[in-house]
Amino acid sequence: MRKTQGDCLFCKIASGEAKVPFVYEDEHVVAFDDISPKAAVHTLIVPKEHIENLNDEPSSELLSNVFGAVPAVAHIKGIDETGYRIIQNNGDDARQTVHHLHVHMQGGEQLPE
Ligand code: 5GP
Ligand code: ZN
């Protein structure tokens, strides 16, 4: 049984309970477009297992599942050749608003410095 948290938005999205269209899905990870995009392409890559952030010491397997999906998601979004930025926020000062580990993939245009 995979660890999830009942009141967590990204657990609900990743399990399919909240009907958000996936850009990508595999056994361990889903990706979907950010509801409030900060770039022409802004997609979130989210492990199905609930973990808050890096302070919770995710296993190397979980991290490799998340980062291992990056090239496939970039390819699907059509930005693998043009380039993209990966951002991952931890805690209040970083403005982490959803407390389920995720990485932001941004691209599709020249990003700010
Ligand atoms: P954080 O600030 O925690 O790193 O990023 C959370 C991201 O989740 C934000 O960019 C926000 O726009 C996005 N987000 C929050 N709620 C939803 C939602 O219901 N659906 C989708 N697709 N994105 C969401
Ligand atoms: Zn969660």
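H100 touches C8, F10, C11, V46, P47, K48, E49, H50, I51 and E52, leaving aside residues up to four places away in sequence; contact here means heavy atoms within 4.5 Å. The model is a predicted one, in which local features need pLDDT of at least 70, side-chain atom pairs count only at pLDDT 80 or more, and totals for chains, interfaces and linings use all residues. Residues are numbered from 1 along each chain as its sequence is written, chains are lettered from A and ligands numbered from 1 in the order in which they are written, and side-chain values use heavy atoms, with hydrogens and water left out.

H100 is located in the loop between β4 and β5. With a relative accessibility of 0%, H100 counts as buried, a class defined by under 20% relative accessible area, whereas exposed means over 50% and partly exposed lies in between (1.4 Å probe, protein chains only). Between H100 and P37 there are 63 residues of separation in sequence and 18 Å in space, C-alpha to C-alpha.

The strands form an open sheet of five, in the order β1-β2-β3-β5-β4, with antiparallel pairing. β1 (24-25) and β4 (84-87) stand at the edges with a single partner strand each, so one side of each lacks a neighbour in the sheet. Strands (E, at least two residues) and helices (H or I, at least four) are DSSP runs numbered from the N terminus, and two strands pair if DSSP finds at least two bridges between them. The antiparallel pairing of β1 with β2 (residues 29-33) comprises two bridges, and E25 stands opposite V30 in β2.

β5 is joined to β3 by five bridges in an antiparallel arrangement, with I45 opposite V103 in β5. Four bridges join β4 to β5, also antiparallel, and here I86 faces M105 in β5. Five of the five residues of β5 are buried, so this strand is largely enclosed by the rest of the structure. In a regular strand the side chains alternate between the two faces of the sheet. In β5, V103, M105 and G107 point one way, and H104 and Q106 the other way.

Helix α2 (residues 60-68) lies across β2, β3 (41-47), β4 and β5 (103-107), and runs at about 155 degrees to β3. Helix α3 (residues 70-77) packs on the sheet, touching β1, β2, β3, β4 and β5, and its direction makes about 150 degrees with that of β3. For these angles, axes are lines fitted to C-alpha atoms, for helices over the stretch in contact, and values run from 0 to 180 degrees between N-to-C directions.

A search of the whole structure finds two salt bridges, each defined by a side-chain nitrogen of Lys or Arg within 4 Å of a carboxyl oxygen of Asp or Glu. One joins the side chains of K48 and E25 (2.9 Å, N to O). K48 lies in the loop between β3 and α2 and E25 in strand β1, so the pair ties together parts that are 23 residues apart in sequence. K48 is buried, with a relative accessible area of 13%, whereas E25 is partly exposed at 44%. The side chains of D33 and K77 also meet in a salt bridge (3.0 Å, N to O). Since D33 belongs to strand β2 and K77 to helix α3, the pair ties together parts that are 44 residues apart in sequence.
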